[in-house]
Amino acid sequence: MTRTVVPATYALAVATVATGAANHALTGLVPALVDDLHLPLSTVGQLATAFGLASGLAAPIIGVLTAHWPRRRVLLAGLALTIAGNALAALAPDFGFLVAARIISGLGSAAAMAAALGQAAELNAPERRARAMAVVIGGLTIALATAPPLAALAAAHHGPTPVFVALTVLAVAALTVARAVLPVQVPETAPAQLAGRLRAVTIPGIRPVLAAKFLMAAAAFAVQTYLTALISTYSPAQMLAAYGTGAVLGTHLSGRAADRYSPRAAALTSIAIQTVTLTLWPVLGPTPAAVVLPFAAGIAFWSAQPAYVRHLADTARDQAPAVLAVDSAVTFAGMAAGGLIGAAQPVESFAVWLPVSCVSLSVAALGVLVFSGKNSFGVSVSSPARTVTSDTNTGMARPSLGLGRTDSVEAPIKPETKRLFKQSCKAHKTNMTDVVNELIENWLAENKVTVLPEQQALPLKDIERKAS
C-alpha cells in the first residue's frame with residue numbers, strides 16, 4: 001500500500017489556494033470596502049452571502065451535469081471563472097457590480113472545489129484518501145491563513161483594487177499549473193438525469209453528515225466573515241492570521257487522524273471545540289486572551305473537513321462527484337447563512353449575540369451527529385453485518401455483501417488470525433476496514449461479480465450463481 005499521496009495532488013492544492021484566496025480575502029477587505037463604498041458593515045457582509053449562495057446553488061447542478069466529464073476539465077473551467085470574477089471585481093465601479101463579480105467567482109469556486117476533491121479521490125488509494133483530501137483542503141486553509149491578513153494590510157494602504165488584481169494573477173498561475181501537471185482521467189460514471197444523480201444523497205449515512213456540516217459551517221463562517229468586528233483588542237490582520245494558522249494546523253492534524261482513527265470521533269471533537277470556543281468568546285473577547293479565540297475557531301471548523309469529505313467520498317463511491325458537489329454546496333450555503341446571521345444581530349451588542357447565536361448552531365450540529373447514531377460515520381470491522389441497498393458501502397464502514405447476522409464476513413476467521421491482523425494493521429498504521437474493503441473489492445473484481453446500485457445486496461449463493 002502506498003504511504004504518501006500522489007504528487008499531482010499538490011497541484012490540486014495550488015488550485016484550491018487560488019479559489020480559496022478569492023473567497024477568504026474578502027474577510028480582510030471588509031473594513032476597506034466599508035470605507036471605500038460608504039456602506040454599513042452589515043451590507044458589505046452580504047458580499048459573502050452572494051458568493052455563498054451562488055456557490056451553494058450551483059455546486060450540485062455543476063456536479064451533476066459534469067459528473068461524466070474528466071475532473072481536470074471541470075477544474076480548469078472553475079479556475080477560468082475565478083479569474084473572470086476577480087478581474088471584474090478589480091474593475092467594479094459600484095457595490096452592485098461587485099456583487100455580480102462575487103457571484104461569478106462563486107460559480108468558479110463551486111466547480112473547482114468539487115472537481116479538486118473528486119480528482120484527489122481518483123488519484124489516491126483508499127487508505128490514503130483522507131490524507132489526500134487534507135492536502136486539497138489544506139490549500140483552502142493556506143489561503144485562509146495568508147489571504148485575509150495580507151488583503152487587510154494591502155487594502156489599508158492601497159485600497160481593495162490591487163488585491164483583486166493580485167487574486168486574478170494567482171488564479172492564472174493555478175490554471176497554468178493544473179494544465180501542466182494534472183492527468184486526464186475519464187470517470188467511469190455515465191451521464192444520468194439530474195434527479196438520478198441527486199438520489200446519491202439518500203445513501204445511508206450521508207444526510208446526517210451534510211446536516212451537521214451545514215450547521216457547523218453557518219456558525220464558523222458567521223464568525224469568520226465578521227471577525228474584524230468581534231475583537232477590538234488586536235488588529236484585523238492579527239486576528240485573521242490567528243484564525244488561518246489554526247485552520248492550517250487543524251486540517252493537517254485531522255487528515256492523519258481520520259485515516260488512522262475514527263472520522264466520527266474527529267468530527268465530534270471538532271464540533272465540541274467550536275462550541276466551547278464560541279461559548280467563551282463573550283467573556284474573553286475584550287481581554288488580551290482574545291487572540292486564542294480565532295486560533296481555536298480555525299482549528300475547530302477546518303479540522304472537521306477531512307473527516308466529512310473522507311466519509312462522503314467513500315460512501316458514495318462511483319457517485320462521489322455528485323455527492324461531493326452537494327458537499328461543496330452545503331459548505332457554501334453555510335457561508336451564505338453566516339453572512340445573514342451576522343446581519344441579523346443587534347449592532348449595540350454584536351460582539352455578544354453573534355457568538356451566542358453560533359453556539360446554538362454548533363450544539364445543534366453536535367446533536368445531529370450524536371443522535372443520528374454511530375452508523376453516520378460507519379462502524380467498526382467487528383460489528384454485525386447489515387443489508388444495504390446499493391454497492392456504495394463506505395470504506396469506513398465494515399463491508400457487507402447482504403449477509404445475515406449469523407453469516408457475518410468475519411465469522412469463519414480464527415481468533416488468532418483476527419488478533420494478528422489487528423496487530424499488523426496497528427503496526428503499519430493502517431485502518432482495518434480499508435484493508436478488508438480492498439480485499440473484498442479485489443476478489444469481486446477477479447471473479448467479475450457486480451452488485452448493481454438499484455438492487456439489494458445479494459446473498460452469497462446468488463452472487464456465486466451470477467458470477468458463474
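Is Trp302 buried or exposed? Trp302 counts as buried, at 3% relative accessibility; buried here means under 20% relative accessible area, exposed over 50%, and partly exposed in between, with a 1.4 Å probe and protein chains only. Some notes from going through the model follow.

1. Ground rules first. This is a predicted model, where local features need pLDDT of at least 70 and side-chain atom pairs count only at pLDDT 80 or more, while totals for chains, interfaces and linings use all residues. Residues are numbered from 1 along each chain as its sequence is written, and side-chain values use heavy atoms, with hydrogens and water left out.

2. On to the aromatics. The structure holds five aromatic pairs (rings of Phe, Tyr and Trp, the latter by its six-membered ring, with centres within 6.5 Å; planes under 30 degrees apart are stacked, over 60 edge-to-face, the rest tilted). One of them is Phe221 with Phe301, edge-to-face at 5.4 Å centre to centre and 70 degrees between the planes. Phe221 lies in helix H9 (residues 207-225) and Phe301 in helix H13 (residues 292-303), so this pair ties together parts 80 residues apart in sequence. Helices are DSSP runs of H or I with at least four residues, numbered from the N terminus.

3. Phe221 also pairs with Trp302: the ring centres are 6.5 Å apart and the planes stand at 85 degrees, so this pair is edge-to-face too. Because Phe221 is in helix H9 and Trp302 in helix H13, the pair links parts 81 residues apart in sequence. Phe221, Phe301 and Trp302 form one aromatic cluster. Phe221 is buried at 3% relative accessibility, and Phe301 is buried as well.

4. Have a look at Asn124, in the loop between helix H5 (95-123) and helix H6 (129-158). Asn124 is buried, with a relative accessible area of 5%. Its side chain reaches the backbone nitrogen of Val6 at 2.8 Å, and a polar contact of 3.0 Å joins it to the side chain of Thr9 (a pair of N or O atoms within 3.5 Å; within protein, one must be able to donate a hydrogen and the other to accept it, and residues adjacent in sequence count only if both atoms are side-chain atoms).

5. Most residues other than glycine have a negative phi. His38 sits in the loop between helix H1 (9-37) and helix H2 (41-44), and is exposed at 69% relative accessibility.

Key
Helices (H or I, at least four residues) and strands (E, at least two) are DSSP runs, numbered from the N terminus.
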